[in-house]
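Please examine the sequence and the three-dimensional model shown here before reading on.

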Amino acid sequence: MTENSTSDPAAIFCSAVSLRDAATKQSCASCLSLSDVYGGMDGFLREIMRVATVFETWATQHVAFDHLVKIWPYFMEESFGDACVNVADIWALASFNEMDCLRIAQHLHLPLYYGDVLIIPLELCARNTLNGSGFVEFSIQTVRIHRTDAEVKPFICGDDPWDEDYELPRLNLCGITAEGQRESIADFTTYRDAVSLVTKLAPGIDFPERPVVLA
């Protein structure tokens, strides 16, 4: 499967089977009836097909499949259901949405294309193309501001992007000296704007057009 491809029916089927099996196991353990919750097993099956389709559609837009070593449909069959049980509410699958897709991708450690619509950590460094500058490298990193004391902290893997104590993450462009000192230059809401400025400061600097992040 390649990036920007259409949804893979095999992956949808495998995801649905995986979710069915995981939800059935969870139902047996909790003594709750999926049939009762979803108005019959046919209602449950329709819902897991919808969830599998929503995730697959989301994945075609955000997952960097060229960086995935496993065969996608098989990986979904092995892992998707357990991931849903861990991060989504299997008793309320009608509310499953793109936010749940991101949580599942993070649970599965999928390689994702960084995009401004995804709230995921990013840190990239590139060598300065100009000799004699005070900065040997430039960095683009996600940061966030604490609402109470205005302290700026890196937004890293494991942080809750929806933590109400912090403002939404933003991108910080900073310069790095030969001694490792970091000096903030500017904050941005989009990666493209950050790259646009740093390429003016260091023409030809090697920041990828579409970076890949391990969720």
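The model is predicted, so local features need pLDDT of at least 70 and side-chain atom pairs count only at pLDDT 80 or more, while totals for chains, interfaces and linings use all residues. Residues are numbered from 1 along each chain as its sequence is written, and side-chain values use heavy atoms, with hydrogens and water left out.

The secondary structure of the protein consists of six helices and seven strands. Here helices (H or I, at least four residues) and strands (E, at least two) are DSSP runs, numbered from the N terminus. In sequence order the pattern is α-α-α-α-α-β-β-β-β-β-β-α-β. The C-alpha trace spans about 70 × 40 × 25 Å along its principal axes. Of the 215 residues in the protein, 45% are buried; buried means under 20% relative accessible area, exposed over 50%, and partly exposed in between (1.4 Å probe, protein chains only). Among contacts with a separation of 6 or more, 64% join residues 24 or more positions apart, where contact means heavy atoms within 4.5 Å.

Helix packing comes next. Two packed helices are described by the angle between their axes and the distance between the axes. Helix α1 (residues 9-30) packs with helix α4 (residues 72-87) at an angle of about 35°, and their axes are 7 Å apart. Axes are lines fitted to C-alpha atoms, for helices over the stretch in contact, and angles run from 0 to 180 degrees between N-to-C directions. The crossing of α1 past α4 is right-handed; a crossing is right-handed if the near helix is turned clockwise from the far one by less than a right angle, and left-handed if anticlockwise. Residues of α1 in this contact include Ala-10, Cys-14, Leu-19 and Ala-23, and those of α4 include Trp-72, Met-76, Phe-80 and Val-85. By class, the contact of α1 with α4 has 12 nonpolar, five polar and three charged residues. In this classification Ala, Val, Leu, Ile, Met, Phe, Trp, Tyr, Cys and Pro count as nonpolar, Asp, Glu, Lys and Arg as charged, and the others, Gly among them, as polar.

Ala-23 belongs to helix α1 and is buried, with a relative accessible area of 0%. Leaving aside neighbours within four places in sequence, Ala-23 is in contact with Leu-34, Phe-44, Val-85 and Ile-90. Val-85 lies 62 residues from Ala-23 along the chain, yet their C-alpha atoms are separated by 7.0 Å.

Helix α4 also meets helix α5 (residues 98-107): their axes come within 9 Å and cross at roughly 115°. This crossing, too, is right-handed. On the α4 side the contact is made by Phe-80, Ala-83, Cys-84, Asn-86 and Val-87, and on the α5 side by Asp-100, Arg-103, Ile-104 and His-107. Its composition is five nonpolar, two polar and two charged residues.

Most residues other than glycine have a negative phi. His-109, in the loop between α5 and β1 (111-113), has a positive phi near 55° and is exposed, with a relative accessible area of 54%. Ala-150 has a positive phi of about 60°; this residue lies in the loop between β3 (137-145) and β4 (152-154) and is exposed, at 52% relative accessible area.

Finally, which residues lie closest to the centre of the largest pocket? The largest pocket has a volume of about 290 Å³, and of the 16 residues that line it, the closest to its centre are Tyr-114, Tyr-191, Arg-192, Glu-209 and Arg-210. On a 1 Å grid over the protein atoms alone, a pocket is an open set of points where a 1.4 Å probe fits, with protein on both sides within 12 Å along at least five of seven lines; lining residues have an atom within 4 Å of a point. Grid points are joined across faces, edges and corners, and a volume is the space filled by probe spheres set on the points. Helix α6 gives the largest share of this lining, four residues. By class, the lining of the largest pocket has eight nonpolar, four polar and four charged residues.

The second largest pocket holds about 190 Å³ of space. Its lining has eight nonpolar, two polar and two charged residues, among them Tyr-114, Asp-116, Phe-155 and Arg-170. Asp-116 is found in the loop between β1 and β2 (123-127) and is partly exposed, with a relative accessible area of 42%. Beyond neighbours within four places in sequence, Asp-116 is in contact with Leu-171, Thr-189, Thr-190 and Tyr-191.
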